[in-house]
Structure formats: C-alpha cells, structure tokens
Amino acid sequence: MSTATDTGTPRRGKAPAGERVADWADGRLGIYSLARANMRKIFPDHWSFMLGEVALYSFIIIILTGVYLTLFFHPSMEEVVYHGPYVPMQGVRMSEAFASTLDISFEVRGGLLIRQIHHWAALVFLCAMFVHMMRVFFTGAFRKPREINWLFGFLLFFLGMLTGFTGYSLPDDLLSGTGLRFIEGVFLSIPVVGTYISMFVFGGEFPGMDLIPRLYPVHVLLLPGIMLGLLVAHLILVFYHKHTQYPGAGKTNKNVVGMPLLPVYMAKAGGFFFLVFGVIAVISAIATINPIWTIGPYRPDQVSTGAQPDWYMGFAEGLVRVMPGWEITAWGHTLVLGVFIPIVLFPLVLFAIGFYPFIEGWITGDKREHHILDRPRNAPTRTAFGVAWLTAYFVMLIGGGNDLWATHFQLSINSITWFVRIGFFAGPVLAFIATKRICLGLQRRDKEKVLHGRETGIIKRLPHGEFIEVHEPLTQEQMHVLTQHEQPKAYEIGPEVDENGVRRKVKGSQKLRARLSKSYYGKDAFIPKPTSEEYKEITSGHGHH
Amino acid sequence: MKKLSARRRHPLAALVVLLFALAVTGGLYAAFSPSEAKADDSSAQSLAIEEGKKLYSVGCASCHGTGGQGTSDGPSLVGVGSAAVDFQVGTGRMPAQQPGAQVPKKKKIYSDAETEQLAAYISSLGAGPVTPSKGQYSTDGADVAKGGELFRTNCAQCHNFAGKGGALTNGKYAPSLEGVSKKHLYEAMQTGPQNMPSFPDTTMPEKNKQDIIAYLDTVNSDKSKTPGGLELGGLGPVSEGLFAWVFGMGALIVLTIWVAARTAKAKKS
C-alpha cells in the first residue's frame, strides 16, 4: 500500500472520485487557481465583523421566501369579492392583490409563516445593515481603500429601504394604500412636474388600476436584481481589500491575523446562516407582522390611525409629521412646503452619512491605506459626528411614532411634535459636544491606564502608615492597543506670503478645509498619548502613584 | 464561592453589582408598594346614597350645576339622555377624578342600581338617547364583514384598524375598545362621549351598530383569534419595528458574540 502513495509512482487504478470531479471541473472552470488564491484567505475574528453576515443571510432568506410568495401572489387591482375562510372578510370587495394575500395567509400551506418570515427578515435585514454600517462608520473602516465599498453598502441600505417600501405596498391593504397615498402627496408637492409625475406613475388619478402591477416587477425583479449585483460587488471588494482588523499585538497595516476561510469560516458562516434563519423563523412563528386581515383592504375613503411605514422609513414619516404645514400660493399654484421640505431633507439626511468618507478624506487629506481600525474614542470628531447623526435619526423616529408615544406615555402629541422639532436641531449639537468630551475623557483614561496601570480597588497600608491603592500594570498587549494609534497633525494652509513676500492666493475651500482639519487633528481633538519617556519616568521605580 | 470572590476585582464587577442592586430595589418596591385599589373602595363606600337626585347633588352637581344646567367646569346634562349617563357612570368615567385633557376610564364608583337612579334623574331633565335594551345591542345575526367595513370607514381613523386606540390632539385620545361591553359600545356610538362624534340612528341605523359591535367582538376581544401569533399590541409597524430591533437584532447580536467567542483557537505550545 505504501508504494501507491509514494510521489512519482504511477497510481494503480483510477484516482478517487472526488479528485476526478475536481479535475473535470478545473479543466473547464479553472477552479484550482481560484481556490488556491481564496480558500486560505484569512479573516480576522470579532463579533462585530459578523453583523454584515447577518444582513447577507437575512437577504438570502428574503429572496428564498419571496420566491415562494410569488407563486401565489396576484399583482392585480381587479376588484373581487372575498369568499375565503376568514369570516370577517367574507363578502367584502377588495383587489385581487389583497385577496391573494389573504389566501397566502389562510389557505396556502405554510403561507402565513413564509409571509411572516419574509416580512420579519426584511425588518431584520435593514436593522442588520444599519448596525453594520454604524460599525464600519465608527471604526473608520470606510477609509481608503474602502470608500467605494462603503458607497456600495450605503446604496444597498438605500435600495433596501425602497425594496421594503414597495413590498409593504403590494398587498394593497389599508396601510399599503395609505402609504401610497402619501407617496402621491410627495409627487404632487414637487413644483412644476409634480402632477405629471403622479399621473405618469399611477397611470392616471390615484389609485388607478396600474400601480400594483407596476410595483410588482420593481419589487421582485428590478430592485432585488440591482441589490444582488451590488452585494456581489460588495463581497468581491471585501475579498480584494482583505478584511480590516482591530488594533492588537502582532496586527499591522500589512497583515491580517485570523483564521482561514476554509475550513474555519466556511463552517462558521454555514452554521451562522442557520442561526440567523432560526432566530427569524422563531420570531415569525410567534409574532404577527402586518396582520392584513385586521387591517383590511385599501379603499381611498378609509384610513386608520397608527398608519406608519416600517421602521426604516420611520424617520421620513417623522420629517413629514413634525413639519409645519406651510404653503405658498402664487399665480394660482400652491407650493406645499409642508411636504416638499421633508422630502428634500429625507435624501439629505441619508447622504450626510453616505458621502461622509469622501468628506473626511478631503478634510484630512489622508491618502494612505488603512487596514487597522480606529477605536472610536481616538477619532473624536468622527465619532461625535456619527452620534450626532444617529441622534437626528432617532429623534425623527420618535416623530414618526408621535401618536404612539402620546398614547403610551400619556403625553400630548403636540408637545412631542415640538420636542422633535427642537430636538432635530438641538439634539445633534448637544450629542456632538457630549460625545467629543466623552471621547477625550476616554483618551485621558487610556493614558492614565498606560502610565499608572489599572486601579484594582485593593487598598494597602504601608509600614509607615500610608494607605495606597494597588495599581496593576497593564500587559504589553494591552498597552499596545492603547497606544498604537496615530495622532496626525492638522492640515495647514502654509504661510500667508510666499518666499518673495507676495501674498499667496488661498482658496476659500482650502481655508474651510484647514479649519475643519483642525477640528479633526488640532490640539483640542485629542489628548497627547503617553510617550515612552513619560512611561519610563513613571515606572522607573520611584513608587510614585 | 471561591470563583466569585476571585472575580470581585474584575473591571465589570461594579456593573454587575449595580444591576443586581437595581433589580433588588425594583423587585422590593414592586413587592411592597401599596396597591391603589384600596383607595377607590373606600371612596365608593362613602358614596352610599340611594336616590338619583341625592346622588347627583353629592357626586355631580359641583361641575354640572345643581339642576344639571352645566357650569364652566362641566357641560349641561339637559337632554343627554339616560344612555349617556349609563355610559359615563357605568364605565367609571364620571364622576371625573380631576380636570384634564380627557376623563379616563376607571373603576366605576356607582353600583348598577345607583347608575340607573342617576340616569332616571338626568332623563327627567330633558329627552335624549335612552339606555339601549339587550335586544338593541345583541349581535345575533349581525354581519361581521359589513361591521368591519363600517368600522374602517367610521371608527378606524381614531381607534385604529383593530380598535386598539390612538392619539388625538393635546393629550386627548381615542381609547382602546378592547374589553368594552357591547352595551357601552352601543351607547358610545349613540351619544358620542367626550371627543367622539355621535352616530344617532338617523345616520347609523341600529343594525349597523350591531354589525360594528359584532366585528369588534370578533377581532378585538379575548376570544378573537390571532392566526399570526403574538399581536404586539396590534398597533402596526411601530411596535413591529421595535420588536425587530429588540428581539430580532438583539438576539442576533448576542449570537454573533456567542459565535465569535467560540472560535477555533491555535493550539498553545
């Protein structure tokens, strides 16, 4: 037997089946080189690196369940009378879309569960993308070379919102219809072209007969198709750039410390997919989502209170809810600022975070590659901006649910609206200042820890009566984490006059850039990290605490 | 125990102690705080007067005037009818505890007999909607689906599609309709209490009211079925979003931490 495995000795008989299959495939697909390059790809290990995975898996779940739903859903606005098993709807006139959604819920085998998985997974998908995006933001993982990939991710989030909204609109229940009526209002508020857009989209007056048949291909084909493409590009770029890693001993800008894709991450990712599926399936099995049978079919003359969009559109709802109902009437036309301003703000709020990497790149003028993540405290201005953005976002979410805040906390809806109006402007400013100070405080604490060690809480009495608290020195690894970051200098415009004493022309944008750069890297932006001299002086054995 | 004491200097020890202390204080407070019910009982006992007029002059006249003519604190009761009295007093809304945006439902203070006496007195002041008989609000043979349509057309904009309630301006609200008796539902539609518009028989015939009551009985009572599982308050996408964040994303983040903590480790040599 031993001779058969010797190198160079021709093998007796055929190669094992697996090898033959692999050979066959390699001859046609060239998988050897592909696999060699990627199978041992190293990925670092951290729980926050799996948030994107949660988003990926929930997207897969949405596609799988969505395919099942398309088998039974009729995207048609033809009017039918319901005769199915759900008694409180029997004899009610409704669109075919709504009737088929009722059928999916009550007659199709597993239909209700699949519908609920589809919808819950959509909510979780957007949650996961949001949290993933925030992880990338606060750790500075979007810096060169990953700006484009950040943009892809941001687009996925944005398209996810649109896909979710079109899906919310398809069953033609009372909430869907109210949402679409809202969209009609949005179109109509656009100056000059508003009425044309509305007539074009709805194929005439709202609601018409065309909208759901039109939204359907957008929801099941167009948007998911684009998203799938972006997703693949997103993942390819993750492979190409290699994954970022948190600072730590042995981790540099030029290596990746972690485990190989095969077998470790394949096994983990496979298992994790089923964990995600499991969580979503359990939620879908125990909790109702979008109970269209109680919400009822859409009729333009009906509306329900609590008509809100799914959470990811909540801040847009908030913008419209808290906006004063301003109007300008001139030359026989009305400009509905009460709706138009919110819908202009809606993309602006999103783009503020979406284009941030390019803004930061311009301000700092940093053209180097970064593969080691920032600890958020070490980039106080960015962290503060992120928290300010989140504050504005969540204040608007409160605005979107102002009626439920009112009923559940026994408050006046008017005072909530005013709170949101003021909070949208004041909240981010306060959050920015507070966050920046907290970051600086944490930096001070890091410095303190490096120089003096960790306070253990153990009090010792020395022979001569003095009480001291025992400080435990940090390990080398811990100290590395606390001191490895850079503290760059702020961008400067240079002297006002050139070498010949002539006043230099400085563009306004460069002045702005210098001022912003100062807020990123100026002397107020960070606590100077401990130098080795300071460390040596303190630890040189004076016993000074 | 040794394990515990070895960790008492852990950086997270203070946090654990804090959480523990909070849980204990909260738990003890919940266990020992006096319940509010007792206060209500005693005030109910103090109001043991028999006849409507006497009851009225003690419990109602301070706001509604000695003859039911109304004051700056309360509307006139002339012509509101016995149905209004039966609803307001029968659901505990009247007598009101304090002025406010809206008078909330609470434990009722008058017994059924006393409520009837009050109603008789008020209806003697002027004709109005009469307390419905059992046959009027019975839902036998009512059309649930029709009721649903009527409910969505006339009621859902304030009470929500499933009658779970909703907010109105300046702290006013449309209450949840869960657990409201058929008789009180009927009376509310007939008399339009507080901020609610009234739906007299001329605009909404008796039959339609019965349909609505039957619908609410089907979708919003203890015997209503929830095919999808937990209702999450039946409030629509806001509570669903909250649930997705807290239990969906929350559980998944816990799982990511769990999975990441169980990584394949290089053997230490």
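This note goes through a predicted model of chains A and B in numbered points.

1. Residues are numbered from 1 along each chain as its sequence is written, and chains are lettered from A in the order in which they are written. Because the model is predicted, local features need pLDDT of at least 70 and side-chain atom pairs count only at pLDDT 80 or more, whereas totals for chains, interfaces and linings use all residues.

2. Between the chains, 52 residues of chain B are in contact with 65 residues of chain A (contact means that the C-beta atoms of two residues, placed from the backbone, lie within 7 Å). On the side of chain B that touches chain A, α13(B) gives the most, with 17 residues, and the residues of this side divide into 28 nonpolar, 19 polar and 5 charged. Here Ala, Val, Leu, Ile, Met, Phe, Trp, Tyr, Cys and Pro count as nonpolar, Asp, Glu, Lys and Arg as charged, and the others, Gly among them, as polar.

3. An unreviewed UniProt entry places a "transmembrane region" at residues 242-261 of chain B, and such annotations may be inferred rather than shown by experiment. In the model, the span 242-261 of chain B is 100% helix and 0% strand, with its end C-alpha atoms 27 Å apart (helices are DSSP runs of H or I of at least four residues, and strands are runs of E of at least two).

4. The unreviewed UniProt entry also lists B:Cys155, B:Cys158 and B:His159 under "binding site". Not counting residues up to four places away in sequence, B:Cys158 touches A:Thr305, B:Gly166, B:Leu168 and B:Ala174.

5. Helix α11 (residues 182-191) of chain B is mostly covered, with 10 of its 10 residues buried, and what covers them includes α6, α8 and α12 of chain B. After α11(B) comes B:Gly192, whose phi is positive, near 65°.

6. In chain A, the axes of helix α7 (residues 147-169) and helix α10 (residues 211-241) come within 9 Å and cross at roughly 160°, the axes being lines fitted to C-alpha atoms over the stretch in contact, with angles from 0 to 180 degrees between N-to-C directions. The two helices are therefore roughly antiparallel, a term for angles over 145 degrees. The residues of this contact divide into 17 nonpolar, 10 polar and no charged.

Definitions and conventions: Parallel < 35°, antiparallel > 145°, perpendicular 65-115°, else oblique. Buried ≥ 20, exposed ≤ 12 C-beta atoms within 10 Å, placed from the backbone.
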